[in-house]
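Dear colleague,

I am passing on the structure below for you to look through. My notes on what was found in it follow directly after.

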Amino acid sequence: MELNFGRLATIIKKEFVENRKTLLLRALLLIGSMVILSQIMGILHSNVYNKEWEILNLVESRDPALQPMLVIFIIGAFFVSAFSASFLFENMTSKTKRLSTLMLPASNAEKFIARFTIFVLGFFVLYFISCAIAEFSRFIVLQSIYPDSPKVHLITPSAIIADLDIDFTSKDWLWAFTIFIGAFLFNQSLFGLGSAVWPKNSFIKTFGAIWAISITYQLLTSILIQLFDFSDAHPNSNLLLWLLTGFLYIGTIFNWVLAYYRFKESEIIQRM
């Protein structure tokens, strides 16, 4: 069956309608968690927002929560993307859900893309919205408590860029940004693949598998270092960066393709 965009839109709408309560609950949980974290950051830096403290110490007017909030945003992005991707194939966790998916008059590609749109792209957009809501709530609360404090600022992308003093023409920054995005996408694809392999308790099982593989890799690396002398080795840094970048992006594509074929295979198995 060929890809039909009209039918794909219908499937996406159907997924939203059938899972609206679960999706709404997860969305509220995500927004609530980010709002709570942002308020905690405001409480932890409450002494810095005091005007008298500011005048006595003559500190530059910069919101002290900027860098902690940026760290929370980055860690949260990795966690939320992995957690949402682990729900990609939760429609295959029970016999009733599997039958409903199998009986749906659509191609495997359309079913996969529909789920991908909601649980990968949709939650990614939702995460940015939740961060914006959390930051606005933090700013409004602090502004009402410390209306005259020069430290209370709304943290925006331009403020982050100014604080980090990012030079977009710098080669080092471009490499760092490219590898960061690659690591983010690769991490998300691993949990998407894990959802195809283990539809039930996918996040926990995938996390355990990644942890076990990481420990095994570290042990093998330490053994090789002890067995062989690498003191005279002078690796090419540019080559290593290219290899790492290639591994992350190619690995991301490979994981999603494998997840798709695993989904097709699971449908065939359930039909037999």
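The protein chain exposes about 16,800 Å², and 72% of that area is supplied by carbon and sulfur atoms; please bear in mind that this is a predicted model, so that every value here is computed from it. Of the 272 residues in the protein chain, 35% count as buried.

As to the fold, the protein chain has 10 helices and zero strands. Among contacts with a separation of 6 or more, 79% are accounted for by residues 24 or more positions apart.

The largest nonpolar core has 38 residues, and those with the most contacts inside it are M34, L88, F89, F112, F119, Y127 and A259. Two or more residues of this core are given by each of α1 (5-18), α2, α4 (66-85), α6, α8 (171-197) and α10 (237-271), with the largest share, 10 residues, coming from α6.

The axes of helix α2 (residues 20-44) and helix α6 (residues 108-145) come within 8 Å and cross at roughly 35 degrees, and the crossing in which α2 passes α6 is right-handed. The residues of this contact between α2 and α6 divide into 16 nonpolar, five polar and two charged.

With best regards

Methods. Residues are numbered from 1 along each chain as its sequence is written. This is a predicted model: local features need pLDDT of at least 70, side-chain atom pairs count only at pLDDT 80 or more; totals for chains, interfaces and linings use all residues. Side-chain values use heavy atoms; hydrogens and water are left out. Axes are lines fitted to C-alpha atoms, for helices over the stretch in contact, and angles run from 0 to 180 degrees between N-to-C directions. Helices (H or I, at least four residues) and strands (E, at least two) are DSSP runs, numbered from the N terminus. A crossing is left-handed if the near helix is turned anticlockwise from the far one by less than a right angle, and right-handed if clockwise. Ala, Val, Leu, Ile, Met, Phe, Trp, Tyr, Cys and Pro count as nonpolar, Asp, Glu, Lys and Arg as charged, and the others, Gly among them, as polar. A nonpolar core is a set of buried Ala, Val, Leu, Ile, Met, Phe, Trp, Tyr and Cys residues joined through side-chain atoms within 4.5 Å. Buried means under 20% relative accessible area, exposed over 50%, partly exposed in between (1.4 Å probe, protein chains only). Contact means heavy atoms within 4.5 Å. Accessible areas come from the Shrake-Rupley method with a 1.4 Å probe; for residues, only the protein chains shown count as cover.
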